[in-house]
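Try each task yourself before you peek at the solution.

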Amino acid sequence: MNNVKRRTVVAGLGSLAASSVFAFGQSKLHVGVVGGGIVGASIAMHLSAAGAKVTLFEKTAIAAGATMNSFAWINASSLDEHYRKIRLSSMAGWRELDRELGLGILWGGALRWQPDGPAADRLQRSVDILKDTGYPLKNLSRQEFGAIAGEFSPENIGVAAFSDLDGHLDPVSVTHKLIARAKALGSELKMPCSVEGLIMNGDQLKGVKTNTGDVALDRLVIAAGVDTPDLTSKVGYETKLIHAPGILAHTSPVKFTTKKVVYSPGAHFKQFADGRIVGADSEEPPETLSHKLIKEKAINFPSKAIEDMHTQRIIDVIATKFPAAKDATPNRLTLGFRPKPVDGMPIIGYIPGSSSIYSAVMHSGITLAPIVGQLVAKEIIGDSREGVLTPYRPERFV
Ligand SMILES: Cc1cc2nc3c(=O)[nH]c(=O)nc-3n(C[C@H](O)[C@H](O)[C@H](O)COP(=O)(O)OP(=O)(O)OC[C@H]3O[C@@H](n4cnc5c(N)ncnc54)[C@H](O)[C@@H]3O)c2cc1C
């Protein structure tokens, strides 16, 4: 049972701050959050807004994990209706946070096209399913394509589609802003500070052991990305993630030409407001002998020359579809590891058998950070179990 009696209704950051009242004389619930990525940042911010005493632990730097290496497309592109709806709620959350905190999110929609063939058939199937939903993905005729997407030069369009609700963000800058807001609301950031052990009294959490000393806590939220399994295993829970590496080529700034996120044959890409282009030519390393090791475990590129080769190749492909990229010079290549649960869905909730240790790990953490922050704060501060999270509970793997 929480030592916070009053329940709060979590709708947005403003309403949280306004509605969070503790009974006079009660001490605040002290919640630790492990991970200064976009998910941990949002959770810390919402917990602080709801009145908890928050300590955020980050072992390296803000956004140093998957967040820094993310494509950061905000979308609800899922054929699973429940998951699509929760993503849509989170997109609404981003619009609200963007207004409140000036996050600079680019809301330009997402454009997809494919030449005739199996990929076009798959895209058309998505359009058929999504066109009349709350996340409308609509076909574009050639004329419509020319009218709204003249900045691109598609080689061959079999099927084209556009969804106008999508956005994209700069994951590092936005995570810094969320953490700045969390600190302004009272969160303490301990960094660099690595959580190395849990201090338990029976099933009840008493605190954490870190490389800089012990910290007493009432609750702990583990939002440690691909490191989450190491921490949950300390209380006997196996967080099942798959190894999912992904690269992105980054350019120096060129003239700002598009707000859209683009998924085209052989390349997905976007442009930041300052003109930098980022993209890749595949979601995962292709099946080749040279990719054997990276497909097994998290390793770095063997050499800078290989990084540069990938960066140039990707930019050359993007330039065939997006002429503005012809003026771009390669800047760097990033290699990230997605915190991807084996069934593709988020894992959010108290660790089975525990009422004090909570876990939040997911792919699409960029899209989902606002709604996850809201719901986690609501469950922890209000001592509630939100029905909308039922399909995503850790129990499903037990
Ligand atoms: C190539 C790529 C493309 C992607 N594209 C998209 C996309 O388009 N849209 C989308 O929504 N999502 C996308 N994702 C997924 C998304 O980036 C992640 O889901 C999200 O960034 C996860 O955020 P997080 O805060 O949970 O984890 P992370 O960002 O990994 O943060 C975890 C943090 O915990 C810290 N940490 C770990 N262990 C400890 C410890 N013991 N003590 C203290 N600190 C610790 C780490 O240093 C790290 O900073 C993509 C990911 C990749 C790699």
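Predicted model: local features only at pLDDT ≥ 70, side-chain atom pairs only at ≥ 80, totals over all residues.

Residues are numbered from 1 along each chain as its sequence is written, and side-chain values use heavy atoms, with hydrogens and water left out.

**Exercise 1.** Work out whether F152 is buried or exposed.

*Solution.* Start with the cut-offs: buried means under 20% relative accessible area, exposed over 50%, and partly exposed in between (1.4 Å probe, protein chains only). F152 comes in at 6%, so F152 is buried.

**Exercise 2.** Find which residues F152 touches, leaving out those up to four places away in sequence.

*Solution.* First, a contact needs heavy atoms within 4.5 Å. Next, go through the list: L111, W113, T258, K260, V262, F269, K321, F322 and P323. Now take T258: it sits 106 residues from F152 in sequence, yet their C-alpha atoms are 9.2 Å apart in space.

**Exercise 3.** Describe how the rings of Y350 and Y358 are arranged.

*Solution.* Rings of Phe, Tyr and Trp (its six-membered ring) pair if their centres lie within 6.5 Å; planes under 30 degrees apart are stacked, over 60 edge-to-face, and the rest tilted. The whole structure has nine aromatic pairs. In the pair of Y350 and Y358, the centres are 4.9 Å apart and the planes 75 degrees apart, making it edge-to-face. Finally, check burial: Y350 is buried at 8%, and Y358 is buried at 0%.
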